[in-house]
Amino acid sequence: MYLEDIQISSEKTIENIVIEKDEMLDFARKYNPVRIHTDEEYAKETRFGGLIAAGMMSFLSVWAQYVPMDFAGEDLVAGKSTAVEWLRPVYAGDVLRGVAAVTGLSFRNEHNGLMTLTIDVYNQYDAKVLTSVVESVVKRRPKN
């Protein structure tokens, strides 16, 4: 969808994703090997009371559900930036769901512009666990 066809405040609900313990541990061991994500005995003694998912895993799990339904579709050129704020811990077995909303549009040149997307992610208790702001480069409608 060309940038001109996307509307601010458009929303999409992102399907639920269950955070599986084995995947959580595999991700942490490979990409974020800190004890709170990899050492169960240590994690039990922290204020979290157990292992928590690496923040990027929580975000990327929901992001993977969003990508196939991206607002821009085939007119997405590339990502520009992503900012993530983690608000609450995510545990093995948590069910995450997201709400993606277009929160900004701007024209850069005759070929493309920027779409700003805010994704809020909630757990099964409807507590917001993270929020992300993503900027993507999107094609503009060709001029005749």
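Methionine 56 is partly exposed, with a relative accessible area of 36%, in what is a predicted model.

User: In which helix is methionine 56 found, and which residues does it contact, leaving aside its neighbours within four places in sequence?
Analyst: Methionine 56 belongs to helix H4, which covers residues 55-66. Once its neighbours within four places in sequence are set aside, the contacts of methionine 56 are Phe27 and Trp86.

User: How many Å apart in space are methionine 56 and tyrosine 91, C-alpha to C-alpha?
Analyst: In sequence, methionine 56 and tyrosine 91 are separated by 35 residues. In space, their C-alpha to C-alpha distance is 13 Å.

User: Is histidine 37 buried or exposed?
Analyst: Histidine 37 lies in helix H2, residues 35-38, and, not counting residues up to four places away in sequence, touches Leu25, Ala28, Asn32, Leu51, Ile52, Ala53 and Ala54. The cut-off for a buried residue is under 20% relative accessible area. Because histidine 37 has 7% relative accessibility, histidine 37 counts as buried.

User: Which backbone oxygen does the side chain of histidine 37 reach, and at what distance?
Analyst: Isoleucine 52 is among the residues that histidine 37 touches. The side chain of histidine 37 reaches the backbone oxygen of isoleucine 52, and the distance is 2.7 Å.

Definitions and conventions:
Residues are numbered from 1 along each chain as its sequence is written. This is a predicted model: local features need pLDDT of at least 70, side-chain atom pairs count only at pLDDT 80 or more; totals for chains, interfaces and linings use all residues. Side-chain values use heavy atoms; hydrogens and water are left out. Helices (H or I, at least four residues) and strands (E, at least two) are DSSP runs, numbered from the N terminus. Buried means under 20% relative accessible area, exposed over 50%, partly exposed in between (1.4 Å probe, protein chains only). A polar contact is a pair of N or O atoms within 3.5 Å; within protein, one must be able to donate a hydrogen and the other to accept it, and residues adjacent in sequence count only if both atoms are side-chain atoms. Contact means heavy atoms within 4.5 Å.
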